[in-house]
Amino acid sequence: AKEEKDKERQAKAEASLKRREEEVQRTLATHMRDREKEREQHKRDEARQHFNALLVDLVRNSELSWKEVKRILRKDHRWDLAESLPRDQKEKLFNEHVEALLKKKRQSFREMLDETSEVNLVSNWKEIKKLIRDDPRYTKFSSSERCEREFKDYLKDKLLTAKNQFKELLQETKLITHKSLTLLRENQNHMQEIEDILKNDKRFLILDHIPQERTQLILNYLEELDRRGPPPPPTATEPNRRAK
């Protein structure tokens, strides 16, 4: 019986040792896998950095296609350093680089337009082009057609900003109240009275080229105030201090 007990104890000890060894092996395998993943990630990050550096150094023309760019990049020895990057990843990085280039050039182009005092909301592209054609921010931006498109988008954005600023002016004008629409219905000259008050402000003057639309903006605002009705008395918004 003693011998059997000894055998049993030994078997248990061996089984326990085996379990412990298996546990150690599993932990070690997990650790090795994690280390391998880290190494792979590090290699990918390095390859990405090399490839981005290559793009920054060699791709400054945002008009080039990926196919054209690949031919240029392959001639550089750093192309091999990015070998571990999948093809679709390289193309994605190229597209991001081109997008960043375009954004920077567009920003410079718009800054140039901001600095050109002759540019206003009714400017003609042909006239403005003559003034800016020697500026590198124009020549580097893109083709003439693309520059014209960007110029038109710029004017649209400026017009939107001008309209929003005009709405702010209306809100600041104390003469305009919830009663103004009724006054206008009773007396058509009331619109002229409103415009006479506003006309010294540059936010009014900047919309001189679209007088009907400007008048419509005033009318829309009067209708909005009329719908809202009289503002609450000042005390209505104050908390009742006695109610405690």
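Begin in helix α3, where E96 and K92 are four residues apart, so about one helical turn separates them. This is a predicted model. The two side chains meet in a salt bridge, with N and O 3.0 Å apart. Side chains of opposite charge can pair when their charged atoms come close. An α-helix has 3.6 residues a turn, so residues three or four places apart point the same way.

D57 and R78 form a salt bridge at 2.8 Å, N to O. This pair links distant parts of the chain, 21 residues apart. D57 belongs to helix α1, which covers residues 2-58. R78 sits in the loop between α2 (66-74) and α3 (87-115). Their surroundings can be read from the accessible area. D57 has 37% relative accessibility, so it counts as partly exposed. R78 has 18%, and the limit for buried is under 20%, so R78 counts as buried.

K199 is partly exposed at 41%, and D196 is partly exposed at 33%. Salt bridges can also share partners. In that way R106, R110, E150 and D157 are joined into one network. How many salt bridges are there in the structure? The count comes to 20.

Move on to helix α10, residues 211-228. Its 18 residues should span 26 Å at 1.5 Å a residue. The C-alpha atoms at its ends are 26 Å apart, so the two values agree. Which residues of α10 are buried? They are R214, L217, I218, Y221, L222 and L225. These residues cover an arc of only 135 degrees around the axis, so they lie on the same side of α10. Q212 and R227 are on the other side, and they are exposed. What covers the buried residues? The cover includes α6 (144-172), α7 (180-186), α8 (190-198) and α9 (202-205). Just after α10 comes G229, with a positive phi of about 80 degrees.

Next, the aromatic rings. A pair of aromatic rings is described by the distance of the centres and the angle of the planes. The structure holds seven aromatic pairs. One of them is W125 with Y138, a tilted pair with 6.2 Å between centres and 55 degrees between planes. W125 lies in helix α4 (residues 125-132) and Y138 in helix α5 (residues 136-139), so the pair ties together parts 13 residues apart in sequence. Both W125 and Y138 are buried.

F166 and F204 make another pair. Their centres are 6.2 Å apart and their planes meet at 45 degrees, so this pair is tilted. F166 is in helix α6 and F204 in helix α9, which links parts of the chain 38 residues apart. F166 is buried at 0% relative accessible area. F204 is buried at 5%.

Rings can also have a charge over them. R214, one of the buried residues of α10, places its charged end over the ring of F204, 3.7 Å from the ring centre. K90 lies over the face of W79, 4.3 Å from the ring centre. W79 itself belongs to an aromatic cluster with F51, W66 and F94.

Definitions and conventions
Residues numbered from 1 in each chain as written. Predicted model: local features only at pLDDT ≥ 70, side-chain atom pairs only at ≥ 80, totals over all residues. Heavy atoms only, no water. Salt bridge = Lys/Arg side-chain N within 4 Å of Asp/Glu carboxyl O. Helix = DSSP H or I, 4+ residues; strand = E, 2+ residues; numbered from the N terminus. Buried < 20%, exposed > 50% of the residue type's maximum accessible area, 1.4 Å probe, protein only. Expected span 1.5 Å × (residues − 1). Arc of directions from axis to C-beta. Contact = heavy atoms within 4.5 Å. Phe/Tyr/Trp six-rings, centres within 6.5 Å; stacked < 30°, edge-to-face > 60°. Lys NZ or Arg CZ within 6 Å of the ring centre and 35° of its normal.
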